[in-house]
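Hello,

Here is the structure we talked about handing over. Please open it alongside this message; my notes follow below.

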Amino acid sequence: MSSLAEKDRPIVQLLLNTGTCPRCILRFCCVGSQMLYRHPHKDLMRDLQEFLKKSQEEEDTVCLDVADPPCKRLRLEHGEEGADGLNHNGAIPQLPSAASGNAATDSSAGNVCNVCLGILQEFCEADFVKKVCQKVNSADYQFTSFVFSVSLPPQLSVRERAAWLGVKQQMRNLGLPLPKDDIVPLKEAYKWIIHPQLSEELGVLADGKSLFEVSVVFAHPETEEECHFLATACPDCFKPAKNKQSVFTRMAVIKALEKIKEEDFLKHFPCPPSSPKNLCDALEIQCNNGAVFVAGRYNKYSRNLPQTPWIIDGERKLESSVEELISEHLMAQFKADSFNFSSSGREDVDVRTLGNGRPFAIELVNPRRIHFTAEEMKRLQQAINDSSDKIQVRDLQLVTRSAIGRMKEGEEEKTKTYSALIWTDKAIQREDIAFLDDIKELKLDQKTPLRVLHRRPLAVRCRLIHTMKSEYIDEHHFRLHLKTQAGTYIKEFVHGDFGRTKPNIGSLLNRTADILELDVESVDVDWPPTLAD
């Protein structure tokens, strides 16, 4: 059962006198009743004043509300326990009376809290909850639950520490013990209050595992410099970081507060902290849906289409790509902010991908729409296929993030089948190329090709040609069907890349050879699952 005990009375009185709001007082008294924090601010203030009026002899504890599960704790300082709660004369010291604190408590009701800067005051009220929900509803997301996150100004940690040290000082002066050294974290208390209101307004439950996040970012410009003294006291805690506008992040401030000595802190910051003039600002109210993943296989029929946008030195070389032809339809239907395209390997701009196609996956970032039936996915696939004769997509389906890993598994072990149209400078007969059919598991040493050396590290890669089958066309042309280890550079295996690939078709035939056309006939990856037409 959550309650305030007589031992909490001096903490309540002292914090009320210094401008702390009722909910922060409950936090400092380690009250774990979630329901209690949800009571109206005025009711809590009245209950605290009533609590102070109770005589010590009348009741040892005053129950304020019902029990709730125990809360997490935020450790602030190592506690200092008194021997038995008595002063040097062996008597319980006299505390400021409830009557003497009336002026302070009356004024506290309308002031901005000196600890939470108003977060557990105005930003717990129905008007702010409605503002958040209006933002969520206007963003037009699909969701069945939500997780709520809050970003607090880093100086709140400083003020919390100052308030706690102020309590410690006063309790020492009164000769009273301070048996506990932890409080209910502000974020936790805020979520206890806000979750039920958001759930009721949005019509869905709060769920810590939900992929739909509603976040609020608070700032308090009036006090933003209050943590700057820590940079002088603990310079090692504040180092510039990428994507951070300020070194005074919440984690850096907390780390510094753990290092700074109590006496050094008290030299630079008032204890208890002073009351601010203004409330916090809710700088941002944001929504974000977890990524959705779509997979399938694509065929590429054009010899003038790159897999991804072909841009060199900021100049676009070709008007479209496989990635764009697929993603533009997915982006429109899922209403996502952006996407990330990945595939099981890639083909050159002039290479076709035939057969069952190449597996691919697209991560759709922050989609507004997330629910699609199998029939809707079929229609989406058809829309992609109807939009261009350069590509076709099959087996389009929603998948999980973990499932995408199967596409990359065994990257070096999987096999690929190719068809290459080859030219030779010297005339050939059928018997000149027949021996290629008998070669099995041919080992190659391939230096990084000159054409990709600008984006791949220089290395010698060992690759295997598992099988070959030749198909004679005329004296200078034949088609070669190859089954190879993934990652084999086929063009270089044909022409040799100025001797950088050994052996090669040219060296095997003892003549100059070059490749005129190349097709990928199969990518032997059993993913994603085949769907019925």
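Predicted model: local features only at pLDDT ≥ 70, side-chain atom pairs only at ≥ 80, totals over all residues.

Asp395 is buried, at 8% relative accessibility, because the cut-off for that class is under 20%. Asp395 sits in strand β14, residues 391-399. Its backbone stands out: phi is positive, about 55 degrees, although Asp395 is not a glycine.

Lys335 also has a positive phi of about 55 degrees, and it is not a glycine either. Lys335 lies in the loop between α12 and β12 (338-343). With a relative accessible area of 44%, Lys335 is partly exposed.

Two cis peptide bonds are also worth a look. One joins Lys502 and Pro503, with omega at about -15 degrees. Pro503 is in the loop between β19 (501-502) and α17 (505-509). Another joins Trp527 and Pro528, with omega at about -5 degrees. Pro528 falls in the segment after β20 (513-523).

**Overall picture**

The protein chain has 17 helices and 20 strands. Of its 533 residues, 49% count as buried. Take the contacts in the chain with a separation of 6 or more: residues 24 or more positions apart account for 80% of them.

**Helix packing**

Start with helix α12 (residues 322-334) and helix α13 (residues 374-387). They pack at an angle of about 140 degrees, and their axes are 9 Å apart. That angle makes α12 oblique to α13. The crossing of α12 past α13 is right-handed. From α12, the contact uses Leu325, Ile326, His329, Leu330, Gln333 and Phe334. From α13, it uses Met377, Leu380, Ala383, Ile384 and Ser387. By class, that gives eight nonpolar residues, three polar and no charged ones.

Now helix α1 (residues 9-17) and helix α7 (residues 155-174). Their axes come within 10 Å and cross at roughly 125 degrees. α1 and α7 are therefore oblique to each other. α1 passes α7 in a right-handed crossing. On the α1 side are Pro10, Ile11, Leu14 and Leu15; on the α7 side they meet Val167, Gln170 and Met171. The contact of α1 with α7 has six nonpolar residues, one polar and no charged ones.

Gln170 of α7 is worth a click. At 35% relative accessibility, Gln170 counts as partly exposed.

**Aromatic pairs**

A search of the whole structure finds 16 aromatic pairs. In one of them, the rings of Tyr190 and Phe218 have centres 6.0 Å apart and planes at 75 degrees, so the pair is edge-to-face. Tyr190 is in helix α8 (residues 186-202) and Phe218 is in strand β7 (residues 212-219). The pair links distant parts of the chain, 28 residues apart. Tyr190 is buried, with a relative accessible area of 0%. Phe218 is buried too, at 3% relative accessibility.

Phe238 and Phe248 also form an aromatic pair, and this one is tilted: 5.0 Å centre to centre, with 45 degrees between the planes. Phe238 and Phe248 both lie in the loop between α9 (229-233) and α10 (250-259), so the pair ties together parts that are ten residues apart in sequence. At 10% relative accessibility, Phe238 counts as buried. Phe248 is buried as well, with a relative accessible area of 17%.

Which residues do ring pairs link into a cluster? They are Phe123, Phe128, Phe148, Tyr190 and Phe218.

**One more phenylalanine**

Phe265 is in helix α11 (residues 262-268). Phe265 counts as buried, at 1% relative accessibility. Leaving aside residues up to four places away in sequence, Phe265 touches Val158, Arg161, Ala162, Leu165, Phe229, Leu257, Ile260 and Cys271. The C-alpha atoms of Phe265 and Ala233 are separated by 8.7 Å, and these two residues are 32 residues apart along the chain.

Best wishes

Terms used: Residues numbered from 1 in each chain as written. Heavy atoms only, no water. Axes fitted to C-alpha atoms, helices over the stretch in contact; angles between N-to-C directions. Helix = DSSP H or I, 4+ residues; strand = E, 2+ residues; numbered from the N terminus. Parallel < 35°, antiparallel > 145°, perpendicular 65-115°, else oblique. Left-handed = near helix turned anticlockwise from the far one by under 90°. Contact = heavy atoms within 4.5 Å. Nonpolar A, V, L, I, M, F, W, Y, C, P; charged D, E, K, R; others polar. Buried < 20%, exposed > 50% of the residue type's maximum accessible area, 1.4 Å probe, protein only. Phe/Tyr/Trp six-rings, centres within 6.5 Å; stacked < 30°, edge-to-face > 60°.
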